[in-house]
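Open the model in your viewer and switch to a cartoon view. The tour goes from one selection to the next.

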Amino acid sequence: ILLLASCGRAQSVPQSLETGYAPLDKKLAALISADSVAIGARDAQALNDAVFLDARETEEYEVSHLPGALLLGYDNMDMGVVDNVDKSRPIVVYCTVGYRSERAAKKLRAAGFSKVYNLYGSLYAWKLAGLPLEDANGEPTNRLHTYNKKWGSFVPKSIGEKVH
């Protein structure tokens, strides 16, 4: 029985972090930490006075991002976007699935920010939770930059228009 139980997931993921879409949840359990600094989409949205930082590249951010999110970037991270943010203010970092944002969140913690969370499942989890996205002009959008075609296969077609 123990052997069978260990075959299911790479780690135990709290229900509050699951996206509800099994193929994505399985991939995330093997790729992203479901620890005390991971936060689900609904819990992130409910945070009071949180700053949302997008740890993707400009072309991804311009397709769609969380409402009001600031572009942090990843390859050439712009830490200047947090120059005027109080180090005790909640910060939620996200990317496409949570891999890049998990690493960016560690850098922010190393820089002295005390309440930095990685949005588990990131943009995908946000959208699967039925939460809104906006485009480069601040207008609502149903488009999602999926990083590439392979990563786009981990979410259902119903999620919106996949761009890669």
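Which residues in H5 are buried? This is a predicted model, and in it Arg100, Ser101, Glu102, Ala104, Ala105 and Leu108 of H5 are buried.

Select residues 99-110 to see the whole of helix H5. Its twelve residues reach 17 Å from the first C-alpha to the last, close to the 16 Å expected at 1.5 Å a residue. Now show what surrounds H5: its buried residues pack against helix H2 (22-31), S2, helix H4 (58-63), S4, strand S5 (116-119) and helix H6 (122-128). Just after H5, click on Gly112, which takes a positive phi of about 105°.

Next, turn to the sheet. Strands of a sheet pair through backbone hydrogen bonds, either parallel or antiparallel. Here five strands form an open sheet with parallel pairing, in the order S1-S5-S4-S2-S3. Strand S1 (38-39) and strand S3 (70-71) stand at the edges with a single partner strand each, so one side of each has no neighbour in the sheet.

Select S2, residues 51-54. Both of its faces are covered: Val51 and Leu53 on one side, and Phe52 and Asp54 on the other, are all buried. Val51 stands opposite Ile91 in S4, and Asp54 stands opposite Tyr94.

The bridge partner of Asp54 in S3 is Leu71. Trace the chain from S2 through H4 to S3: this β-α-β crossover is right-handed.

Terms used. Residues are numbered from 1 along each chain as its sequence is written. This is a predicted model: local features need pLDDT of at least 70, side-chain atom pairs count only at pLDDT 80 or more; totals for chains, interfaces and linings use all residues. Side-chain values use heavy atoms; hydrogens and water are left out. Two strands pair if DSSP finds at least two bridges between them. Helices (H or I, at least four residues) and strands (E, at least two) are DSSP runs, numbered from the N terminus. The expected span of a helix is 1.5 Å times one less than its number of residues. Buried means under 20% relative accessible area, exposed over 50%, partly exposed in between (1.4 Å probe, protein chains only). Contact means heavy atoms within 4.5 Å. A crossover is right-handed if, with the strands pointing away from the viewer, the path from the first strand over the helix to the second runs clockwise.
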